[in-house]
Amino acid sequence: MRRRGAGDLVCLNMEIDLIFKIAAIGIIVSILNQVLSRSGREEQATMTTLTGLVVVLMMVAQKIFDLFELVKRLFDL
Amino acid sequence: MDVFLKVVAGVLTAVILWLCVNKDNKGTSVLLTLAVCTMVISVSAVFLRPIIDFIYKIQFLGDLDEDLLAVVLKVVGIGLLTEISVMICKDAGNETMGKSLQILSSAVVIWMSIPVFERLLTLLDNILGTI
């Protein structure tokens, strides 16, 4: 009978704080984008948007990696 | 059941936040969707593990071939990842990428199923050979 290791799947908490952080960054970036655009600083608005995207991507990347590892272990891929 | 209710509440909260973010910042809203889906599937995995263990128990009791069952489970895993990825691509407005990912996953699934088909052909050959 195939035996599976113990303790390799522990994620019963949905991290709500990460969701709020991402949403907060998104809202702040969109506000800054609008302020900078209306004051004629289009390039800085674009840079702000890109920076926000990169920050959020870095936050999410680890979660995506963990998900892939989880699916690999669960379905033995 | 507490976990399930917390996840439902979390997803509903995330949807409302997504509505706020999506108007002006579509990139961040897609990443928010990705983060939420990642977390929900991670929680689902905790409940999927005993199911998979039960399937392996049935396989052991029924003396079924472990390799064939492993292929089936791998196909399920690939299907799960592909489905989520395709839906996220669709939400982001890029169905083309999602479709190309579907084609890739179909090719991978068929490739992984080749040993199963070979086993079937061998069985048919044995059956037809004895007739």
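How many residue pairs are in polar contact between chain A and chain B? The count is two, with both residues of each pair at pLDDT 80 or more. The model is a predicted one.

**Interface of chain A and chain B**

- On the chain A side, 38 residues are in contact with 41 residues of chain B.
- Two elements of chain A, α1 (16–38) and α2 (42–75), each give two or more residues to the side that touches chain B.
- The most comes from α2(A), with 14 residues.
- Sorted by class, the side of chain A that touches chain B has 25 nonpolar, six polar and seven charged residues.

**Fold of chain B**

- Chain B has four helices and zero strands, in the order α-α-α-α from the N terminus on.
- The radius of gyration of chain B is 20 Å, whereas a compact globule of 131 residues would have one near 14 Å.
- The C-alpha trace of chain B spans about 70 × 40 × 15 Å along its principal axes.
- Of the 131 residues of chain B, 30% count as buried.
- Among contacts in chain B with a separation of 6 or more, 50% are between residues 24 or more positions apart.

**Salt bridges**

- Over all chains, the rule gives two salt bridges.
- Side chains of opposite charge can pair when their charged atoms come close.
- In chain A, the side chains of A:E69 and A:K72 form a salt bridge with an N to O distance of 3.7 Å.
- A:E69 and A:K72 are about one helical turn apart, because they lie three residues from each other in helix α2 of chain A.
- Both partners are partly exposed: A:E69 has a relative accessible area of 28%, and A:K72 has 42%.
- In chain B, B:D65 forms a salt bridge with B:R119, and their closest N and O atoms are 2.3 Å apart.
- This pair links distant parts of the chain, 54 residues apart: B:D65 is in the loop between α2 (26–61) and α3 (66–91) of chain B, and B:R119 is in helix α4 (residues 95–130) of chain B.
- B:D65 is partly exposed at 30% relative accessible area, and B:R119 is also partly exposed, at 39% relative accessibility.

Key: Residues are numbered from 1 along each chain as its sequence is written. Chains are lettered from A and ligands numbered from 1 in the order in which they are written. Side-chain values use heavy atoms; hydrogens and water are left out. Contact means heavy atoms within 4.5 Å. A polar contact is a pair of N or O atoms within 3.5 Å; within protein, one must be able to donate a hydrogen and the other to accept it, and residues adjacent in sequence count only if both atoms are side-chain atoms. Ala, Val, Leu, Ile, Met, Phe, Trp, Tyr, Cys and Pro count as nonpolar, Asp, Glu, Lys and Arg as charged, and the others, Gly among them, as polar. The radius of gyration is taken over C-alpha atoms; the globule rule is 2.2 Å times the number of residues to the power 0.38. Buried means under 20% relative accessible area, exposed over 50%, partly exposed in between (1.4 Å probe, protein chains only). A salt bridge is a side-chain nitrogen of Lys or Arg within 4 Å of a carboxyl oxygen of Asp or Glu.
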